[in-house]
Every structure is written in structure tokens, then in C-alpha cells.
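Have your viewer ready, and try each task before you read its solution.

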Amino acid sequence: MTTAQPQVTKPYTGMSTKEETFWSLTWYRFRRHKMAMISLAILLILYTIALIAPYIAPHDPMDIHIGPRFAPPGREFPAGTDRLGRDLYSRLLWGARTSLSVGFVAAGVSIVIGTIVGAAAGYFGGVVDDVLMRICEVIMAIPTFFLLLTVVAIFERSMLNIMLVIGFTTWPSAARLVRGQFLSLREMDYVEAARSIGAKNSRITMWHILPNAMAPIIVSTTLRIGGAILTESSLAFIGLGVTSPPSWGSLLEGGRHTLTVAPWMVMIPGALIFVTILAYNFVGDGLRDALDPRLK
Amino acid sequence: MGRYIVGRLIQALFLLVGVSLLTFTIIQMAPGSFAELVGESQDATVEEKANLSAMYGLDQPVHVQYWRWVQQVARGNFGRSLISGRPVLDMIKERLPATIFLNLISIFFIYLIALPIGIISAVKQYSWFDHIATFTAFLGQAMPTFFFAMLLIYYVALRVEGIPIAGMATIGLDYKDVTFMTWFIDRARYIILPLTVIVLGGLAGLVRFMRASMLDAINQDYIRTARAKGLSERVVIYKHALRNSLLPIVTALGFTFSGLLGGSIVIESIFAWPGVGLLAIQAIFTRDYQVIMAFNMIGAIMLVLGMLIADILYVVVDPRIKY
């Protein structure tokens, strides 16, 4: 979608009254990406809902027999009820909390480990690079989803564990991305200049190279959040997701076997997962265009 | 070329050793041993549990267990299932045809549909066709497979007569007893839903990839040269550009196959497709370590082989690459 729109970089001379920082320019370019802006709005709404879920949920998400079993969506229960008469609307609001936090933390873990490993491999090169990259290859050689299943099945299934596991199994691709950036950036003149005035390795990597490698890292983080939400919901669908409070995926799984009786139990959480991931993908795409207009 | 392949094989071997170590370590970290798990369900005494552990060698030190396992695997023996007592390799072997059957047909359709769409999208960049194709691909990438499967079950299978939602073939229907057509139609009825889900899931990525690759080729200098010397647009696009744009697609094939293997776990569990994915899920829920390890190893072997084949194909199709 986005790649289909020609990126016309207007001259910025007309708006010289304001100071133009890198971020203001990025925001200026991002704003012109219509789908990304709509998606950003959707995500902000979803995160707000997740934050205030305890205050706006009409019922306790875990309370049973609040209404009749399998009540279809209506005035009293906007999203219907489930097999134990729990209010699905309240459960969905709380589910937003679980699903969005899982996505955020898992992607965070993945990108932080990936950045540290990738930076070390790319900056130092040689043996360090070889060893770290071989480790990445080993992890990537196992089909990700199966590796994930193995680990999730073995450890206690708390929300924190699931976040960590998704992060720990997906960092190698981030490491490769960051390594590539560092490999090319470490040859730049400004790095040479920093080194010549006696800057330490830690200073060069943190303050000189990393900021210049940020664009792809930010884009990748955005896409990773959507990916992590999708992964958690796939796990949940198999019966290995976060259940207290249930994520959207676990809610969908709860309606899996009563599809003919209560299709809303599958359709509503499913649609929410789909829209959230779609929104993250659009924002990621918009950011890619905005952060680096040369990349098309 | 020969030396290159040998080098790659050695590299692959090291990779597999790494995978086995990793899998073994993860399983060792598991709290709650197999003996505990079985013991609990059978009300076993402490002594009986100890016997159970000794029987499977689970009371040995870690490195002894690992070494024993490696020795077995080197002889093509993945051990016996801790649950059913049957050789793991046999269990996987009887499930593998169903998975490969489903995945090969899926890959065929994915490539058959995705390549033309990607190519046309690139050639007619920014046309309405391109816009619709890229937008649909975007939607497809965000669609969770299980949700799409549930939608298909609800809106198609439950409304259309003759589309079963579970299984691979009608029970009792033996291909020896019926005509080919009957057999074919029966198989087709069962495969249509899982196939649709896998194909539409896999399409999105490949369409975008093909489009990008083709665009890249079209913008090369040799295409301008080809046009400048007056070749027809058809020859320029479908001979000069297309051939070169297919190179990265070849490499993607290796990843596609192993990716589908992991993804088929979800699909197989939804449609009760009797493949390795279902077996894997059962193994995970029962902590059948031997089966889990075998599954990880086979997954890794397939990926490593896939990449190896892709690399070799790459050399074959691109004469510029020399080793």
C-alpha cells in the first residue's frame, strides 16, 4: 500500500520559522501517510482502553454467572457472554491489557538483546562476530514457533514468562539487522574521527553509531510488537497463552468449540487481533518511509 | 563447487550440533520431571518413580544423557517415545507424508499465484491492480491464520454441503477400492480448507517479495540498455528483467518450506490434519522429550537442507556467483 505512494519530498524552505529537527521532519513526513496516521490513532485508542480497563469495564472479567450463558451481543452485554455467563465486553477490555503488554514487552526484550548482540558483533567483528552469529544461526535453524512451543510448554505459563520466551526466541533476526548497520557505520569518517580523539568503544557505539542505526531499529520494533501479539495469540489458540486475565487469543480459543452457538466469542477477539496487527504494520511502514526517505 | 558444497555440509553439521545442544539444554531446564508427571497420574510411589527414571536413563548425569542421545541419533535412531514406547522415528515417519502432502501442494499454489501477481504489480507499478494487490497482501500479512481458518469454517464449511472441517480423507475409503476420480474428489474436499488457509497466509509475503525483486530488476541499467537497443517491451520484461528478478525468489524457497513446517502446527491442530504438527502438540503437552527433540532436530535438518539447496541452486542459476 504504502510503497505504492510516490514519496515526494517537498522543499522545506517555506517553514523555516520553526526549528527543524530530525524528529520534526520525520513527523512531517509520517503525517502524510494516511493509513499510518489512522493506524496510529487506532493504536492510541487501544492503549488508552488498556490503561483504563479496570475503570470502564462494567463487570469483573473473571466473574461467572453475570448474565445467561451464551447471550448474544445486545444492549446489556455489548459483546455477549460466554459459556460460564461471563461478560465478554469486560473480558475484551482486560484482554487489551494483556495482549498489548505482551506485544510491547516481548518486542522490547527481543530488540534490546538483538541490539546488544548485533552491536557487539558488528562493531568488534572477528571472533566475537563469528561466535555471536553462529549462536544466532543455531536459534534460527529451529522453526521459531516450535522452539517457542517447547519452551512455553516446559516453563510455568505466567504472563511474564510468555513475554520473555517470545523475546528470547525472536532476537536473532534483530541482531542480524543491527549487525548489518554497525558493520557499515563503523567504517564512517565520523567514527574514525571519534576514535582519533580517544573516545572509548562504549562511547563510540552508544553515542556515535547507535543513534545513526536507530531508523531501522525503530521500524523493526514496531513490526515486532505486532508480530509478538500474533505469536501470543497463536500460542493461546493451541491452549498455551496467557489466561489470567485472558489475552484476546485466549478469549478466541475459549469460543473455538462453540463456534456454531456463539460465533461472537471468536469473531470479536479475532477482529481485534487482526486490526491491531494491521495497525502496527501500517505504522511500521509509515515510519520506514518517514525515517529514511531514501529507502523506498 | 565441490569444495564449496563440502564446506557448507561441515557448516551444516556444526549447526545441527548447536541445535541439539540448545534443545537438550532447554529440556533439561524443565521443572517437573517425566517421572513426576507420569507418577502423578498413576499414583506411583517414590520408589516406582525412581525405577521409571532409571529405566529411561533419566537418573544419569546430563552429559551422559546427551552423549547417549547423540550416539543414537548418529545411527538414525531417535529413541523411543516415553509415552507410547514406540520408536520416535516410526511415529514421525507415519505422520510425515500427510504434512509433506499438504505443504507441497500449498507451496505449489503459493508460487503459482504469487509470482504472476507480484510480477504484474511491479510491471504496472502504481496501477489499480498494483494498489489492490499490495493492499490485499498487507491485509493478508496481518491476518492470523487461526482466525482466518475459523472464518472459513464458520462462513464456508458450515454452510456448504460436502466440505468437512476435520481430517484428511473419509475413513474407510481405500484408494485401492475406488476409481481415481472418487479418491481425488474425496481428498480435494478435505484439503480445500487447510490449503486455502496456508496458501492465502503464504501469498502475502511472496507477492511483496516478488514485486520488490522485479522492481529492482526493472530499474537496472541493462534494462535501459535493452530498451535502448530497441527490444520489444515483452522481451525486455519477460526475458531480461524476469530472469534476474527470480534469483532471490529461489533462495526464499528453502525458508518457505521449513517455515510452513512450523506453521502447520496451528493448521493441523485446527483441521485435525493427521501430520507431524498434531504429533508435536501431543508430545509437548505430555512432555515426551524424545519426540520433542526429534521434532526440533528434523525441523532444523529441513531448514539447513533447504538453505543448502537454495545456495546450490543460486550458483546454478546465476553464473556470476563462483566459489
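A salt bridge here is a side-chain nitrogen of Lys or Arg within 4 Å of a carboxyl oxygen of Asp or Glu. The model is predicted: local features need pLDDT of at least 70, side-chain atom pairs count only at pLDDT 80 or more, and totals for chains, interfaces and linings use all residues. Residues are numbered from 1 along each chain as its sequence is written, chains are lettered from A and ligands numbered from 1 in the order in which they are written, and side-chain values use heavy atoms, with hydrogens and water left out.

**Exercise 1.** Describe the interface of chain B and chain A.

Step 1. Start with the salt bridges: the count is one. A:D285 and B:R208 form a salt bridge through their side chains, at 4.0 Å from N to O.

Step 2. Sort the chain B side by class: 34 nonpolar, eleven polar and four charged residues (Ala, Val, Leu, Ile, Met, Phe, Trp, Tyr, Cys and Pro count as nonpolar, Asp, Glu, Lys and Arg as charged, the others, Gly among them, as polar).

Step 3. Turn to area. The two chains bury about 4,200 Å² (accessible area lost on being put together, 1.4 Å probe, summed over both), with 80% of it on carbon and sulfur atoms. B:F138, B:F146 and B:M150 supply 16% of what chain B buries against chain A, more than any other three residues.

**Exercise 2.** How many salt bridges link domain 1 and domain 2 of chain B?

Step 1. Apply the rule across the interface of domain 1 and domain 2 of chain B: zero salt bridges are found.
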